[in-house]
Amino acid sequence: MNQAFEVPPNAVRVWRGYRAASPLPTAQADFLSKLGTVFVPATVEMQVKIGLDGYIPSVPAGLPDKPDTVPDETAILFWDSQQTYTDGFKTLAVRTYTLTHNAVYRPPSGADFPTLFAGTITSEHPCYLIDKPADWMKGNVQHLAGSRPDAVPPDSFRAQIASALTQIQKKGAVSGAIACAGDNYLVYWELIGASGASGIDSLTTLLGWSRRITPKPTGLEKGLWDVWPGMTINSGDGFNMQFKRRWEP
Amino acid sequence: MSAREQPVAPDSVHVWRGFKAQQTSYADFTKFLGSVFVPACALLQPNSGLRAYVPSMVPQSGKPATVPDQTALMFWATQQAYQDAFKTVAVRAYTNLHGGAYDTKRSSAQFAVALTAQVIAEQPYYLFDRPVDWMLGNVRHFIGARPAAQSSSDFLEVIGNWAAMYQKQPADVDGALLCAGADYVVFWEHRASPQGAALSLLGGLARLSTPCLDKIADNYVMPAGLWQPWTGIDLTQNDCINIQLARPEPDAGGEIKR
């Protein structure tokens with residue numbers, strides 16, 4: 001049984017990935033296949049020994065009516081610390097893992113560490129709302145991905161989102177919350193606390209297209225060198241990957 | 001501790017001829033291969049059946065663009081082991097690395113076949129039909145360019161004639177691999193010990209082409225594993241190496257345990 005582990009709230013990489021353009025009719029299916037057979041399993045198996053403490057990928061790609069401006073794949077990746085993540089690049093495993101992505105994603109795909117939310121949102125700059133460590137792998141996580149309504153300018157969109165996040169932060173009823181907004185999208189994750197309260201509904205009303213995803217606790221069946229076709233991933237899936245952290249016996 | 005011998009049939013070697021991507025400088029190409037690609041091959045694939053790996057960088061000075069920038073021999077336990085390797089996450093991840101570094105239209109690898117008649121361009125051949133453990137012993141590698149005044153068809157013909165002669169003579173060579181393109185030839189020979197190297201017939205091949213590389217591969221031991229801090233292999237210093245892989249040891253019955 002995994003123990004709870006308190007990950008610092010700023011030691012999380014917030015990934016927003018956009019599928020590379022392709023004229024092939026199988027491009028969407030190929031993307032989902034690549035995620036399931038390579039990227040998601042490899043993220044865990046190649047990085048746990050470096051200090052990965054939580055990994056929650058979700059796949060809005062291919063959902064009906066999703067605008068292209070909303071990321072196709074999102075993920076939050078928790079580390080022992082920001083330094084642990086940085087040190088990972090000194091190892092071959094992490095350098096290799098990182099370079100497997102190049103052919104599949106297009107700009108502006110990327111990941112950043114968040115900073116503590118202080119009432120305003122900077123475009124493409126993730127923030128966290130609850131300044132307390134938490135173990136997201138062991139909790140109930142909810143994810144929201146959505147688009148800016150056409151009639152709302154980007155600055156107003158982010159101001160409205162910031163206002164809703166301020167309320168969520170003031171209530172303090174969730175155990176953790178991470179958000180990132182661009183000009184045209186919002187991605188938001190919430191670690192539900194004991195009260196069961198959630199701020200997702202208040203954010204959903206500010207979006208045009210949106211989808212709420214409940215990442216499913218999922219363990220890997222096999223190791224790096226075992227014969228295994230990988231995971232089956234469909235549009236709209238989300239996973240809270242379950243694995244033994246490096247410090248666990 | 002010395003590695004136990006694990007001979008591989010000569011038709012289970014993938015012969016790679018790599019050309020760098022046009023937009024990539026040779027310095028960046030070498031750095032990428034050394035920091036990620038070559039060590040990843042050596043660390044991610046032995047557990048899936050890779051039994052020997054001999055990568056080489058080709059000196060750029062005077063090298064025609066039609067000659068590969070990098071070569072490699074990758075010996076698999078069997079051809080089936082190579083196919084089965086893609087059933088693992090490790091090898092699928094490694095395979096996804098190829099994209100940016102190489103000119104994928106010009107770079108390729110094929111399994112070697114027996115040389116019994118004329119040399120066909122871009123088809124690798126083995127010259128001796130016996131299993132050999134190429135990770136152990138002595139590997140000499142030659143790369144040459146087609147003489148400018150010679151046609152490609154004539155070049156392939158004389159290479160074929162030379163290979164047929166080579167097959168008849170070298171008593172101490174137990175493995176040899178050849179591949180020729182329209183503009184280049186790559187050749188490797190293996191001996192159990194280095195004593196006979198001076199007697200190599202490679203001089204004949206050197207007279208039929210413009211030599212770009214002629215080296216004995218240095219044994220190279222990886223100083224770190226996948227998860228230890230390490231900057232990678234400096235391929236400017238280690239430009240022709242026989243990487244000493246951490247291979248799973250066969251059990252008493254000869255079966256490889258992963």
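Two strands pair if DSSP finds at least two bridges between them.

The model is predicted, so I kept its limits in view: local features need pLDDT of at least 70, side-chain atom pairs count only at pLDDT 80 or more, and totals for chains, interfaces and linings use all residues. Residues are numbered from 1 along each chain as its sequence is written, while chains are lettered from A and ligands numbered from 1 in the order in which they are written.

**Entry 1. The four-strand sheet**

I looked up the sheet with the order β2-β3-β1-β4 in chain A; it is open, has 4 strands and its pairing is antiparallel. At its edges I found β2 (52-58) and β4, each of which pairs on one side only. On average, neighbouring strands here are turned by 15 degrees against each other, direction ignored. Helix α1(A) packs on this sheet and touches β1, β2 and β3 of chain A, its direction making about 170 degrees with that of β2(A). For such angles, axes are lines fitted to C-alpha atoms, for helices over the stretch in contact, and the angles run from 0 to 180 degrees between N-to-C directions.

Then I followed strand β1 (residues 12-19) of chain A. Of its 8 residues, 6 are buried, so β1(A) is largely enclosed by the rest of the structure. I call a residue buried if 20 or more other C-beta atoms lie within 10 Å of its own, exposed if 12 or fewer, and partly exposed in between, with C-beta atoms placed from the backbone. Strand β1(A) runs antiparallel to β3 (residues 73-79), joined by 6 bridges, and antiparallel to β4 (residues 105-112), joined by 5 bridges. R16(A) stands opposite T74(A) in β3(A) and opposite G110(A) in β4(A).

**Entry 2. L52(A)**

Which strand holds L52(A)? I found L52(A) in β2 of chain A. L52(A) is buried, with 26 other C-beta atoms within 10 Å. Leaving aside neighbours within four places in sequence, its contacts are V44(A), Q47(A), L77(A) and W79(A). Two residues are in contact if their C-beta atoms, placed from the backbone, lie within 7 Å. I also noted R245(A), 193 residues from L52(A) in sequence but 7.0 Å from it in space, C-alpha to C-alpha.

**Entry 3. The six-strand sheet**

The other sheet I looked up in chain A is open, with 6 strands in the order β5-β6-β8-β9-β7-β10 and mixed pairing. Strands β5 (115-116) and β10 (210-213) stand at its edges with a single partner strand each, so one side of each is left without a neighbour in the sheet. Inside chain A, β8 (residues 176-181) and β9 (residues 185-191) pair in the antiparallel sense over 6 bridges. C180(A) stands opposite V187(A) in β9(A).

**Entry 4. Helix α3(A) and chain B**

I checked one helix pair across the two chains. Helix α3 (residues 92-99) of chain A packs against α1 (residues 26-44) of chain B at an angle of about 110 degrees, with the axes 10 Å apart. That makes α3(A) roughly perpendicular to α1(B), a label for angles of 65 to 115 degrees. The contact is made by L92(A), R95(A), T96(A) and L99(A) on one helix and by S35(B), V36(B), P39(B), A40(B) and L43(B) on the other.

The buried residues of α3(A) pack against α1 and α2 (82-88) of chain A together with α1 and α3 (89-95) of chain B.

**Entry 5. Chain A overall**

I counted 5 helices and 12 strands in chain A. Buried residues make up 47% of its 249 residues. Along its principal axes the C-alpha trace spans about 50 × 45 × 30 Å.

Methods: Parallel < 35°, antiparallel > 145°, perpendicular 65-115°, else oblique.
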